[in-house]
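Subject: Structure handover

Hello,

Here is the structure I promised to pass on. Please open it before reading further; my notes come after it.

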Amino acid sequence: MTRAPEARAPETAAAELLAGLPPSPAVWCTGLRKRYGRRPAVEGVGLTVGRGEVVGLLGPNGAGKTTVIKMLLGLVRPDAGEVLLLGRPATDPASRARVGYLPELFRYQPWLTAAEVVDLHVRLSGADVSAADRRAVLTQVGLGARTGDRAGTFSKGMQQRLGLAVALVARPDLVILDEPTSALDPVGRVEVRDLVLSLKARGVAVLLNSHLIGEVERVCDRVVILDKGRVAAAGTLLELLGQHEVRLHLTDVPAGVEARLAATGTVTREGNWFTVALRDDDEGAVPDLVRDLVGLGVRVHAVEPGRISLEERLLGILRHDPEEATP
Ligand SMILES: Nc1ncnc2c1ncn2[C@@H]1O[C@H](COP(=O)(O)OP(=O)(O)OP(=O)(O)O)[C@@H](O)[C@H]1O
């Protein structure tokens, strides 16, 4: 006699079903709109940050970046639109507790030491963070030697580092950084870049608002460009910038060389300059090509990597609109 499969409680089955689904994005929003008086600040913005993904938010002054971030965090009430953080409504304290935030403008209580500021935020978040981990986060942001100094005595860059420590100390699943390097020296900027990459390696999602386009280009998986409150463009760097190409200055080009070039990618020629659009990010394609060209007797004078920079792309998108910036 065969036995019927054991009936499971419906709630167990539902929990199993949910556990089998991919995790909800770290940030999901749609149709976000905000007006201040009659002036639109944000008009119908939607964006997604996947788990462990680093997304850059770019755009000119007044484009609406900080307003979007504040609406995501429930700090500004949207006129319309929906926000989910880590799969829960942004207003749900359970999701907010898993989010680290570095605001664009902030001032910590000047009478508190760096260690006390971090302790205060750990208490406010309700997270269980050991004294060693609190100390470690201050060291991570370069304040290990200043933990006992009052925040009021810190330089702007040191305040910003303290802000990063506060954003990171409760081990969030999502970190939102609004201009995290605006006050930092070049070394500090590189440190923050490495820090963002280490967060990504740990599966932490990051939404990064920065005017430093090179910084965004180096660390972000995807970029969302805002202009006049709307999404002007969004995509991976490959989608926004197109494929890589290489420009070669060649002489003594015998027959058959064009075929070898074409085997690497689509070729265009201007005099002695050959531009090859590389098919993918195959790191060996260019050295292999140069080796073969030299083997075929070609004299290779120059090999220049080419790809439109994110800065050029951004300016192209923003200048495309003939309308002047709203006063
Ligand atoms: N509290 C406010 N009251 C009135 N207008 C506001 C307020 N906050 C923002 N705005 C307006 O909303 C628009 C978007 O501002 P927001 O700060 O979001 O831009 P941003 O892209 O972050 O700019 P920036 O790069 O200069 O920081 C601007 O026109 C700004 O003047």
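Below is what I found, taken region by region.

Please keep in mind that this is a predicted model.

The main sheet

Six strands make an open sheet. Their order is β6-β7-β8-β3-β9-β10, and the pairing is mixed. The edges are β6 (99-102) and β10 (230-236). Each has a single partner strand, so one side of each is left without a neighbour in the sheet. From one strand to the next, the twist averages 15°.

Strands β7 (residues 174-178) and β8 (residues 205-209) run parallel and are joined by five bridges. Within this pair, Val175 stands opposite Val206 of β8.

Two helices to look at pack on this sheet. Helix α2 touches β3 (54-58), β7, β8 and β9 (222-227). The direction of α2 makes about 150° with that of β7. Helix α6 touches β6 and β7. Its direction makes about 170° with that of β6.

The cores

The largest nonpolar core counts 67 residues. Leu72, Ala165 and Val206 have the most contacts inside it. Helix α6 (residues 156-168) gives the most to this core: seven residues. Another core lies apart from it, with five residues, including Val246, Leu248, Leu261 and Val276.

Leu72 deserves a separate look. Setting aside neighbours within four places in sequence, Leu72 is in contact with Val27, Cys29, Val83, Leu85, Ala90 and Ile176.

The antiparallel strands

Strand β13 (residues 273-278) pairs with β11 (residues 245-251) in the antiparallel sense, over five bridges. Here Glu245 has Ala277 of β13 as its bridge partner. Strand β12 (residues 265-270) also pairs with β13 in the antiparallel sense, over six bridges. In this pair, Arg269 is bridged to Phe274 of β13. β12 and β13 form a hairpin, with two residues between them. Gly271 sits in the turn and has a positive phi of about 60°.

Backbone points to check

Leu86 is not a glycine, yet has a positive phi of about 50°. Leu86 lies in the loop between β4 (80-85) and β5 (88-89). Is Leu86 buried or exposed? It counts as buried, because 23 C-beta neighbours lie inside 10 Å.

Glu179 is not a glycine either, and its phi is positive, at about 55°. This residue is in the loop between β7 and α7 (186-201). Glu179 has 19 C-beta neighbours inside 10 Å, so it counts as partly exposed.

An exposed helix residue

Ala13 belongs to helix α1 (residues 10-20). Ala13 is exposed, because 11 other C-beta atoms lie within 10 Å. Ala13 and Ala132 are 119 residues apart in sequence. In space they are 40 Å apart, C-alpha to C-alpha.

Best wishes

How values were computed. Residues are numbered from 1 along each chain as its sequence is written. This is a predicted model: local features need pLDDT of at least 70, side-chain atom pairs count only at pLDDT 80 or more; totals for chains, interfaces and linings use all residues. A nonpolar core is a set of buried Ala, Val, Leu, Ile, Met, Phe, Trp, Tyr and Cys residues joined through C-beta atoms within 7 Å. A residue is buried if 20 or more other C-beta atoms lie within 10 Å of its own, exposed if 12 or fewer, and partly exposed in between; C-beta atoms are placed from the backbone. Helices (H or I, at least four residues) and strands (E, at least two) are DSSP runs, numbered from the N terminus. Two residues are in contact if their C-beta atoms, placed from the backbone, lie within 7 Å. Two strands pair if DSSP finds at least two bridges between them. Axes are lines fitted to C-alpha atoms, for helices over the stretch in contact, and angles run from 0 to 180 degrees between N-to-C directions.
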